[in-house]
Amino acid sequence: LHYIYGTANNSEMFYTKNYTGVDSDVGELAKYFLENFKTMGNITVISIIRDPIARAISHWFHLLYEDFASGLNAWCKGKNIFKDIHDFLIEEMNVGSSGGMLEWYNCEMKRTFDIDVFAFPFNKEEGYGFIQKGNVRLLILTNEKLTENTNRIGKLFDLTDYQLKKTNVGMSKWYSFLYDEVTHNMPIDGH
């Protein structure tokens, strides 16, 4: 699950226009997990993070894809796509106490497992962090260094021949031409 706490509480933290609520069976399973995870033995969580700006741009395209006809038509009729994405980035950064881009860890890891990931060291150069608290092992990997750190996933589960399969790649989607244009040509202050 992308959202454990959110699923158990039918949270509005689901970023989709067509969200209609969690299936009751999935919600009950998440509630059961929240109530009992401390007695379930070792739990391993892998979280992959990415550059906040790249993530927000990808999120914008995901929302475009959900409603691609009106989104693409609006852009084709003269809408300034760079301004639209810039406004979206500002909105994403200003949501919640840490900004929407970082709020997931407070909403999910802190509420679910009482793990404040920001209180632990993170090796930015290597692109990973490992946290053990109680019966929960949390491996945080950056998307930008995922290929280099694939072996960390294998080691975590004692797998000798683990290979990572990439899916959901923006450059292989129908809007790849537009994604490429934005990621290579959008001016962002300080970047």
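In the hairpin formed by strand 2 and strand 3, two residues sit between the strands, and G134 takes a positive phi near 60°. Helices (H or I, at least four residues) and strands (E, at least two) are DSSP runs, numbered from the N terminus. The model is predicted: local features need pLDDT of at least 70, side-chain atom pairs count only at pLDDT 80 or more, and totals for chains, interfaces and linings use all residues. Residues are numbered from 1 along each chain as its sequence is written, and side-chain values use heavy atoms, with hydrogens and water left out.

Now take the pairings. Two strands pair if DSSP finds at least two bridges between them. Strand 1 and strand 3 (residues 136–142) run parallel and are joined by seven bridges. V45 has L138 in strand 3 as its bridge partner. I46 stands opposite L139 of strand 3. Strand 2 pairs with strand 3 in the antiparallel sense, over six bridges. Here K133 stands opposite V136 in strand 3.

Strand 3 is mostly covered, with six of its seven residues buried. Buried means under 20% relative accessible area, exposed means over 50%, and partly exposed is in between (1.4 Å probe, protein chains only). S47 lies in strand 1. Why does S47 count as buried? Its relative accessible area is 6%. The side chain of S47 makes a polar contact with the side chain of Y105, at 2.6 Å. A polar contact is a pair of N or O atoms within 3.5 Å; within protein, one must be able to donate a hydrogen and the other to accept it, and residues adjacent in sequence count only if both atoms are side-chain atoms.

Next come the charged pairs. A search of the whole structure finds two salt bridges. A salt bridge is a side-chain nitrogen of Lys or Arg within 4 Å of a carboxyl oxygen of Asp or Glu. One joins the side chains of K133 and D114 (3.3 Å, N to O). This pair links distant parts of the chain: K133 is in strand 2, D114 is in the loop between helix 6 and strand 2, and they are 19 residues apart. K133 counts as partly exposed because its relative accessibility is 33%. D114 also has a positive phi, near 60°, in a residue other than glycine.

E28 forms a salt bridge with K31, the closest N and O atoms being 3.7 Å apart. Both lie in helix 2 (residues 24–36), three residues apart, about one turn of the helix. E28 is partly exposed at 49% relative accessible area, and K31 is partly exposed at 35%.

One loop remains, between helix 7 and helix 8, where D158 lies. D158 has a positive phi near 55°. At 68% relative accessibility, D158 counts as exposed. L159 is found in the loop between helix 7 (150–156) and helix 8 (176–185). L159 is partly exposed, at 43% relative accessibility.
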